[in-house]
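User: I would like to learn how to read a predicted protein model, one feature at a time. Could you walk me through this one?

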Amino acid sequence: RLTLVVERGKSDPLVKAAMTVGAPGASVTYGREVDSAEKEGGSGIRVSTEKEIIEMTVSPAKVDEVTRNVVEAAGVAEMDDLCIFTHSVPKALTYLG
């Protein structure tokens, strides 16, 4: 499983790059980055830019290839705005109707 966090509006080319090399699809949700602002005073919370969270379940054999293609699609200039996390999925269930 891959989780990508990017600035809002930048997920489409990354999802396309992942699907090009075998990701079966993606779920994209929206969020905001929140961190502690104790050093700034005030409310103690600082909210920064809006983000898109991309979740993809891919075969363990495809994780490296999908990650490489996403990083390439993001470009070197965009890497400051891209976080990628991998998670193992020991079991998954779905309704196949």
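Analyst: Gladly, and let us begin with contacts, meaning heavy atoms within 4.5 Å. Setting aside neighbours within four places in sequence, Ile54 is in contact with Leu2, Thr3, Leu4, Val6, Ser11, Leu14, Val15, Ala26, Ser27 and Val28. Keep in mind that this is a predicted model, where local features need pLDDT of at least 70 and side-chain atom pairs count only at pLDDT 80 or more, while totals for chains, interfaces and linings use all residues. Residues are numbered from 1 along each chain as its sequence is written, and side-chain values use heavy atoms, with hydrogens and water left out.

User: Where does Ile54 sit, and is Ile54 buried or exposed?

Analyst: Ile54 is in strand β3. Helices (H or I, at least four residues) and strands (E, at least two) are DSSP runs, numbered from the N terminus. For burial, compare relative accessible area with the cut-offs: under 20% is buried, over 50% exposed, and in between partly exposed (1.4 Å probe, protein chains only). Ile54 counts as buried because its relative accessibility is 0%.

User: What does the overall layout look like?

Analyst: The chain has two helices and four strands, and along the sequence they follow the pattern β-α-β-β-α-β. Among contacts between residues at least 6 apart in sequence, 68% join residues at least 24 apart. As for burial, 23% of the 97 residues count as buried.

User: What can I say about Ala23, which is in a loop?

Analyst: Ala23 is in the loop between α1 and β2. Ala23 counts as buried because its relative accessibility is 5%. Leaving out neighbours within four places in sequence, Ala23 is in contact with Ala18, Met56, Val58 and Val66. The C-alpha atoms of Ala23 and Thr57 are 7.3 Å apart, although the two residues are 34 positions apart in sequence.

User: How do α1 and α2 pack?

Analyst: For a helix pair, picture an axis as a line fitted to C-alpha atoms over the stretch in contact, with angles running from 0 to 180 degrees between N-to-C directions. Here the axes of α1 (residues 11-20) and α2 (residues 63-74) come within 8 Å and cross at roughly 145°. On the α1 side the contact involves Pro13, Leu14, Ala17, Ala18 and Thr20, which meet Val66, Asn69, Val70, Ala73 and Ala74 of α2. These residues divide into eight nonpolar, two polar and no charged. The nonpolar class is Ala, Val, Leu, Ile, Met, Phe, Trp, Tyr, Cys and Pro, the charged class is Asp, Glu, Lys and Arg, and the others, Gly among them, are polar.

User: How many salt bridges are there?

Analyst: Side chains of opposite charge can pair when their charged atoms come close. The criterion is a side-chain nitrogen of Lys or Arg within 4 Å of a carboxyl oxygen of Asp or Glu. This structure holds three such bridges.

One of them joins Glu55 and Arg1, with N and O 3.2 Å apart. It links distant parts of the chain, 54 residues apart: Glu55 is in strand β3 (residues 45-56) and Arg1 in the segment before β1 (2-7). Glu55 counts as partly exposed because its relative accessibility is 23%, and Arg1 likewise counts as partly exposed, at 30%.

Another pairs Arg8 with Glu50, whose closest N and O atoms are 3.4 Å apart. Here too distant parts of the chain are linked: Arg8 is in the loop between β1 and α1, Glu50 is in strand β3, and 42 residues separate them. Arg8 is partly exposed at 43%, and Glu50 is partly exposed at 42%.

User: Which residues form the remaining bridge, and how accessible are Glu65 and Lys62?

Analyst: The side chains of Glu65 and Lys62 meet at 3.3 Å, N to O. Glu65 is partly exposed at 32% relative accessibility, and Lys62 is partly exposed at 30%.
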